[in-house]
Amino acid sequence: MDSHAKTPAPDAAPPRLELRGITKRFPGCLANDHVDLLLRPGEIHALLGENGAGKSTLVKMIYGVLHPDSGSLLWQGRETVVPDPAGARRLGIGMVFQHFSLFDTLTVAENIALGLDEPGRMDALSERIRTVSERYGLALDPERHVFHLSVGERQRVEIVRCLLQDPRLLIMDEPTSVLTPQEAAKLFETLRRLAAEGCTILYISHKLEEIRALCDRATVLRAGRVVGACDPRRETARGLAEMMIGSELSTPERLPPGEAGAARLVVRHLSTTSDNPFATSLKDVSFEVRAGEILGIAGVAGNGQAELMAALSGEALIADPQAVTIEGVPAGHLGPRARRSLGLAFVPEERLGRGAVPELSLSENALLSGYAREPLVRGGLVHFGRARAYAETIIKGFNVVAHGHRAEARSLSGGNLQKFIIGREILQKPKLLVVGQPTWGVDAGAAAAIHKALIALARSGAAVLVISQDLDELFVLSDRISVLFHGRLSDSRPTHETSVERIGLLMGGLFGTPPDEDGEITRAV
Amino acid sequence: MSLIRLEPRGQASKTMVYVTPLLAVALTLLSGFVLFLLLGFDPVKALHAFFIDPVSSRRGIGELIVKATPLVLCAVGLAIGFRANVWNIGAEGQLTVGAIAGGGLALAFYGEGGWWLLPLMVVAGAAGGAAWAAIPAFLRVRFNASEILTSLMLTYVALLLLNYLVHGPYRDPDGFAFPESRLFEADAVMPVLWSGTRVHLGTAFALLAVAAGWVLIARTFVGFQIKVIGLTPAAAGYAGFDQKRIIWLSLLLSGALAGVAGMGEVAGPIGQITPSVSPGYGFTAIIVAFLGRLHPVGILLAALLMALSFIGGEAAQIAMGLPKAITGVFQGMLLFFLLASDVLIRYRIRFGARRAVA
């Protein structure tokens with residue numbers, strides 16, 4: 001470590017990091033407004049806030065990716081300017097981003113070497129990786145190629161990369177969004193051990209239960225300002241959520257399951273193969289979704305969710321038309337347009353860049369899928385007046401915060417864009433709705449609204465399929481739950497007859513059926 | 001720290017979309033001024049000879065329109081494809097085949113024409129261009145072969161085909177073995193629209209293409225699909241837009257328009273089939289399409305500007321003894337400055353060092 005980081009005496013220790021009046025303005029928005037933050041040595045500190053509250057901007061300034069317009073940053077009691085991420089690493093600040101930056105075709109050690117400022121010799125590096133990963137219980141083989149690794153293991157690569165630099169402050173951005181509950185529990189052990197050794201951890205998450213279980217203190221941001229600080233262990237999850245959104249939270253009521261009607265979506269023996277070595281093939285997947293019910297499919301990302309979504313939406317065609325039937329019509333060979341006219345509506349996992357075109361206005365984005373079931377196109381000509389009206393209906397009906405129908409899709413926060421997309425699909429009165437990751441990265445207020453809308457849709461007689469990694473969400477929404485693991489789907493169980501732990505084990509590969517070779521690797525971890 | 005920095009704008013600047021072409025023209029003129037000065041010419045006189053003299057007569061303006069006509073026809077079609085990420089680089093070849101097909105009809109019915117011949121030639125020209133563009137479309141849709149390469153390579157095939165025909169089957173039997181066809185008869189020639197000039201019916205087609213292109217892009221659902229495919233192919237797949245259909249449509253359309261342009265050249269200003277039907281209209285149209293921001297009205301203006309560079313180059317050769325390459329130099333500078341100043345749409349220039357954090 002560099003001499004910048006003076007090791008303080010343990011008792012009279014100055015704060016590890018202190019922010020005073022940090023302000024950052026972007027064209028058209030005040031992202032951080034006089035933010036104060038104090039991180040003590042060895043504490044696990046939560047940074048809480050809705051999407052767009054300014055959390056990412058703040059940590060990017062700590063890590064030197066962005067620079068504040070005004071305000072000061074004190075590192076171990078000394079006023080410091082963090083010029084860039086390399087400078088942050090020299091100070092002893094490490095960051096694990098929400099989205100990994102790993103090369104699939106390189107080994108763990110090679111990936112780590114690429115991220116270090118002075119990697120040194122490869123064999124020595126591998127040895128250091130082994131030492132550090134053993135010390136913190138992060139099982140990792142430096143010689144393995146990254147494409148073999150599960151998402152949890154990939155995250156370990158990122159964490160180990162930070163730990164090799166002996167950080168005094170570790171920033172974790174939504175680290176558990178891709179982990180099974182068991183993997184998350186292991187991660188918490190590691191973080192607690194790090195904190196016990198004096199490393200400060202700044203933990204960003206929207207999963208409130210986690211924060212209550214893990215963190216010592218929490219700072220809550222709303223609209224770029226600090227609105228409160230608390231000890232999360234003494235608050236309820238509901239109380240934390242209300243601090244975040246600044247109003248009372250309405251949780252969706254668990255209505256008694258409606259009478260499950262006719263099967264709207266039937267999938268029989270669906271298998272896919274792919275030329276892409278990084279894709280997961282679906283293996284003999286069968287299930288059905290009935291009118292009036294919500295089926296949840298759980299699973300850690302990369303277990304075939306993307307392939308299943310594409311097979312259901314029609315973006316990937318299936319040779320056997322009978323493999324997917326919608327409303328009794330064989331649809332495996334039909335494209336998205338034909339499936340939409342059978343009554344399918346679809347919300348993809350990627351909001352920006354698939355569910356919506358970033359550069360286009362909301363009224364044009366309303367047309368994107370709305371053309372199929374709304375009278376927006378006549379005689380080959382677009383009826384722009386009606387597209388605008390449709391966009392306005394969605395904006396009003398789903399409380400989308402946006403500057404009207406003219407706003408570009410990319411100008412919306414994640415939660416508002418997701419409300420818009422889900423509204424666009426629901427208002428087409430679909431008979432069957434397939435949703436991927438409905439509330440991933442969405443703030444608590446918007447998530448509650450989305451959950452409510454999905455439940456209301458099912459109770460009105462539509463069949464709803466939710467594919468999600470968020471078990472809390474699936475337990476709130478679903479009538480039945482299945483688990484997708486390595487391209488295989490488990491039998492579904494009624495939600496009230498199962499538990500988070502049981503589903504978590506299935507997500508880790510403990511199926512009733514003997515797992516294949518890959519399955520054992522993940523189980524061994 | 002550098003004294004001049006580029007700072008990202010939050011949003012693309014709508015004003016800059018319109019300002020940068022003008023800026024590019026201004027910078028081109030400025031560089032031309034310096035260039036002429038360094039070459040030892042009087043820059044004011046040279047620029048005057050290049051840009052003003054050619055359009056200071058009725059005949060000159062007519063020539064400007066004659067040159068702009070094929071550029072507009074080709075560029076409108078190309079722009080529709082470019083918007084959908086379909087990169088047809090071979091408009092020159094499609095133009096040539098349009099000339100071969102339309103002109104071939106004129107020769108086939110030599111001496112037995114009628115009022116029906118010219119409309120038939122227009123259809124044949126469009127069909128010839130479309131057929132030539134159908135080859136890269138098929139290869140792209142069926143084998144995922146890059147249309148950039150295939151359409152460009154087919155241009156040279158078309159030029160060789162033309163060369164063969166004017167040396168063989170199309171050659172004027174009474175032409176002393178010169179590689180040229182007979183002069184077309186009156187029934188096979190585009191009527192002149194503006195007396196005293198060579199402005200012909202093709203100009204009306206070009207204006208029609210501008211209007212139809214605008215309606216297609218701005219008003220139709222197909223135009224919306226093109227836009228979505230061009231911006232975000234994954235969203236187009238999600239929405240169920242058929243990308244293969246759009247590839248076919250945009251290549252056939254741009255091929256047909258280029259074919260009409262080629263037919264209009266042989267049945268218009270040239271009046272016969274010669275070994276060189278076009279001085280590179282099909283390639284220049286690519287610059288025109290981008291200079292015009294892929295918008296039909298912008299293309300109309302850009303085509304006039306590029307046409308001016310053609311006739312200005314000729315005029316400057318004659319009046320000042322400037323080298324022939326001057327046309328290409330000006331066209332290249334224009335494209336260069338346009339692409340360079342496009343950075344201003346997403347970024348703004350800031351002077352002075354970045355403010356240090358207190």
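Tutor: Strand 16 (residues 344–347) and strand 19 (residues 432–436) of chain A are paired in parallel over four bridges. This is a predicted model, in which local features need pLDDT of at least 70 and side-chain atom pairs count only at pLDDT 80 or more, while totals for chains, interfaces and linings use all residues. Residues are numbered from 1 along each chain as its sequence is written, with chains lettered from A and ligands numbered from 1 in the order in which they are written.

Student: What makes strand 16 and strand 19 of chain A a pair?

Tutor: Two strands pair if DSSP finds at least two bridges between them. Strands here are DSSP runs of E with at least two residues, helices are runs of H or I with at least four, and both are numbered from the N terminus. Strand 16 and strand 19 of chain A share four bridges, so they are called paired. Within this pair, A:Phe346 stands opposite A:Val434 of strand 19.

Student: Which way do the residues of strand 16 of chain A point?

Tutor: A:Leu344 and A:Phe346 point one way, A:Ala345 and A:Val347 point the other way, and all are buried.

Student: Why is B:Ile318 called exposed?

Tutor: A residue is buried if 20 or more other C-beta atoms lie within 10 Å of its own, exposed if 12 or fewer, and partly exposed in between, with C-beta atoms placed from the backbone. B:Ile318 has 11 such atoms within 10 Å, and therefore it is exposed. This residue is found in helix 12 (residues 296–320) of chain B.

Student: Why is helix 8 (residues 221–231) of chain B described as largely enclosed?

Tutor: Eight of its 11 residues are buried, so helix 8 of chain B is largely enclosed by the rest of the structure. Among the buried residues are B:Phe224, B:Ile226 and B:Ile229. The buried residues pack against several elements, including helix 11 (362–370) of chain A and helix 3 (58–83) of chain B; contact requires C-beta atoms, placed from the backbone, within 7 Å.

Student: How do you know that strand 4 (residues 70–75) and strand 5 of chain A pair?

Tutor: They are joined antiparallel over two bridges, and the definition asks for at least two, so they qualify. A:Trp75 has A:Arg78 of strand 5 as its bridge partner.

Terms used
Two residues are in contact if their C-beta atoms, placed from the backbone, lie within 7 Å.
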